[in-house]
Amino acid sequence: MEKPKTYQDAFEELQLLVCKMENAEISVDELAGMIKRATLLINICKKKLTDTEEEVKVLLEKL
């Protein structure tokens, strides 16, 4: 799977993974892969939020 390009893409995929984990019987092998992907998606979302917060902070300081 490729890396999502936007926060929205990563967040939506993460929501789908969580739903699958909550509502489906999945094997240990599938679960391990899903958790690995979810971790990547969480890190992407976290970085994008942090980067945006920094950008906003810089812009507000310029006002």
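Visitor: Let me start with a single side chain: at its relative accessibility, does K5 count as buried or exposed?

Guide: In this predicted model, K5 counts as exposed, because its relative accessibility is 65% and the cut-off for that class is over 50%. E2 falls into the exposed class as well, with a relative accessibility of 60%.

Visitor: Which kind of interaction do the side chains of E2 and K5 meet in?

Guide: The general idea is that side chains of opposite charge can pair when their charged atoms come close. Here the side chains of E2 and K5 form a salt bridge, with an N to O distance of 3.9 Å, and the limit for calling such a pair a salt bridge is 4 Å.

Visitor: How many salt bridges does a search of the whole structure find?

Guide: The search finds four. Among them is the pair of R37 and E13, whose side chains meet at 2.7 Å, N to O. Since R37 belongs to helix α2 and E13 to helix α1, this pair ties together parts of the chain that are 24 residues apart in sequence. The R37 and E13 side chains are also joined by a polar contact of 2.7 Å.

Visitor: Are R37 and E13 buried or exposed?

Guide: Both R37 and E13 are buried. For R37 the relative accessible area is 10%, and the buried class takes in values under 20%. As for what surrounds R37, if neighbours within four places in sequence are left aside, its contacts are M1, E2, P4, E13 and L17. E2, which is one of these contacts of R37, is also the salt-bridge partner of K5.

Visitor: Where in the chain are K47 and D51, and what separates them?

Guide: K47 and D51 are both in helix α2, and because they are four residues apart there, about one helical turn separates them. Their side chains meet in a salt bridge with an N to O distance of 2.9 Å. As to accessibility, K47 counts as exposed at 51%, whereas D51 counts as partly exposed at 34%.

Visitor: Turning from charged to nonpolar side chains, which residues make a nonpolar surface patch?

Guide: The residues are Y7, F11 and L49, and the patch they make covers about 260 Å². A residue needs over 30% relative accessible area to be part of a patch, and F11, with 32%, is partly exposed. F11 has its place in helix α1, which is made of residues 7-23.

Visitor: What does the secondary structure of the whole chain come to?

Guide: The chain has two helices and zero strands. Helix α2, in which R37 is found, takes in residues 28-62.

Visitor: How should I read the overall dimensions, and what radius of gyration does the protein chain have?

Guide: The idea is to set the chain beside a compact globule of 63 residues, which would have a radius of gyration near 11 Å, whereas this chain has 15 Å. Along its principal axes, the C-alpha trace spans about 55 × 20 × 15 Å. Of the 63 residues, 17% count as buried, and the accessible surface comes to about 5,300 Å², with 60% of that area belonging to carbon and sulfur atoms.

Visitor: And what share of the contacts between residues at least 6 apart in sequence join residues at least 24 apart?

Guide: The share is 64%.

How values were computed: Residues are numbered from 1 along each chain as its sequence is written. This is a predicted model: local features need pLDDT of at least 70, side-chain atom pairs count only at pLDDT 80 or more; totals for chains, interfaces and linings use all residues. Side-chain values use heavy atoms; hydrogens and water are left out. Patches are made of residues with over 30% relative accessible area and no salt bridge: like charges are joined within 9 Å, nonpolar side chains (Val, Leu, Ile, Met, Phe, Trp, Tyr) within 5 Å. Accessible areas come from the Shrake-Rupley method with a 1.4 Å probe; for residues, only the protein chains shown count as cover. Buried means under 20% relative accessible area, exposed over 50%, partly exposed in between (1.4 Å probe, protein chains only). A polar contact is a pair of N or O atoms within 3.5 Å; within protein, one must be able to donate a hydrogen and the other to accept it, and residues adjacent in sequence count only if both atoms are side-chain atoms. Contact means heavy atoms within 4.5 Å. The radius of gyration is taken over C-alpha atoms; the globule rule is 2.2 Å times the number of residues to the power 0.38.
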